[in-house]
Amino acid sequence: MSISYADSGVNREEGYKAVSLMKEVVAKTMHSNVLNTIGSFGAMYELGKYNNPVLVSGTDGVGTKLEIAFSMKKYDTVGIDAVAMCVNDVLCHGAKPIFFLDYLACGKLNGETASLIVKGIADGCYEAGAALIGGETAEMPGFYKDGDYDIAGFCVGVVEKDKIIDGSNVSEDDAIIGISSSGFHSNGFSLIRKLVRDYNAVFEGEKIGETLLVPTKIYVKKVLPLLEKYNIKGMAHITGGGLIENVPRAIAKGYKAVIKKDSFQTPNIFNYIRYLGNIKEEEMYNTFNMGIGFVIIASKDDKDNIIRDLKDMNEEAYDIGYIAKNEDEGKSGICLE
């Protein structure tokens, strides 16, 4: 008896359908630096003219936030999360994201579902100004459950070597500016899922699942113009580990960030999750972004102008603290007041 690939659970036709549905949304992210199209063995990108370019790369996934998307049958936003987690990271070093590749794995491929996920990826790339130049869709029956998907991505950005931002120029009394998040972004969802049992329950007028699925904010087009105008010394994307772990990554050894907890607005959904789990305050700040998704460290003389410019771009921005000497000169640190 002869068997086929389809008998093992892999549906080539559904794969062809998915690619066909994806082509239009992927095309909107392309620009003249992309030298080939979907279907090639490798994606080609012409870097263009730079004096001394440095490539900055980042990779990440969406994590267990995906389970909420599957439960809510809402597939068009988690792709934005996959892009945001990568492009915001490379942005921290002053790099402009130039291209992105995605990896989508599942147990049984549904072309329409896969195309909605990739639509979100394309939307995120478009928002970040990065070309979606390639990707992979893997159907693995028996390895993933039917209906389950996993998403990961890889981003490359570029920055002139003499414009790399790495926190080495941070000094005492520099200002710390926080830009608001759009919610939990893509972190802490293993804890959230343990506490929220019904995603259809109403919170502040809408299903809590919808609130939790608001995608990670992409900061690229708001922050890049600031790099041309101001002396920005450090930047941090507030992901897993919250403010406590991520802000010190943007600071030179011998200094610490002093964060004023009452200087910014923490959305009510954070307080609700804290209430559900009776979570200690330090645990909240060490797990979630608490309403601040991106941090900029700059000279205090530039602080007011940076905040003004961000507000002119419809971003909520706050003066959330300052840089001080750290007691341990061999480490960077953080203090919450």
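Helices (DSSP runs of H or I, at least four residues) and strands (DSSP runs of E, at least two residues) are numbered here from the N terminus. The model is predicted, so local features need a pLDDT of at least 70 and side-chain atom pairs count only at pLDDT 80 or more, whereas totals for chains, interfaces and linings use all residues. Residues are numbered from 1 along each chain as its sequence is written, and side-chain values use heavy atoms, with hydrogens and water left out.

Helix α9 contains G277. This glycine is partly exposed, with a relative accessible area of 32%; the term covers values between buried (under 20% relative accessible area) and exposed (over 50%), computed with a 1.4 Å probe on protein chains only. The C-alpha atom of G277 is separated by 6.4 Å from that of L195, although the two residues are 82 apart along the chain. N278 lies in the loop between α9 (268-277) and α10 (281-285). N278 has a positive phi of about 50 degrees and is not a glycine. Most residues other than glycine have a negative phi. At 71% relative accessibility, N278 counts as exposed.

D173 is placed in the loop between β4 (149-160) and β5 (175-180), and its relative accessible area of 42% makes it partly exposed.

The interior can be described through its nonpolar cores, a core being a set of buried Ala, Val, Leu, Ile, Met, Phe, Trp, Tyr and Cys residues joined through side-chain atoms within 4.5 Å. The largest has 94 residues, and I232, V295 and I296 have the most contacts inside it. Helix α3 (residues 78-91) supplies the largest share of this core, nine residues. Apart from it lies another core of eight residues, including V34, Y45, I98 and F99.

Contact means heavy atoms within 4.5 Å. Leaving aside neighbours within four places in sequence, I296 is in contact with A175, I176, I177, I179, V223, L226, I232, G234 and M235. S299 lies in the loop between β10 (292-298) and α11. Its relative accessible area is 17%, so S299 is buried. Not counting residues up to four places away in sequence, S299 touches D174, A175, N231 and K233.

Two packed helices are described by the angle between their axes and the distance between the axes. Helix α7 (residues 220-229) and helix α11 (residues 303-312) pack at an angle of about 145 degrees, with their axes 11 Å apart. Such axes are lines fitted to C-alpha atoms over the stretch in contact, and the angles run from 0 to 180 degrees between N-to-C directions. From α7, the contact is made by K222, L226 and K229, and from α11 by I306, R308, D309 and L310.

Cysteines complete the account. A disulfide is a pair of cysteine sulfur atoms within 2.5 Å, and by this rule the count comes to zero. The sulfur of C125 is too far for a bond because the closest cysteine sulfur, in C155, is 7.8 Å away. C155 is likewise in no disulfide, the nearest cysteine sulfur being that of C86, 6.3 Å away. C125 counts as buried, at 0% relative accessibility, and C155 is also buried, at 0%.
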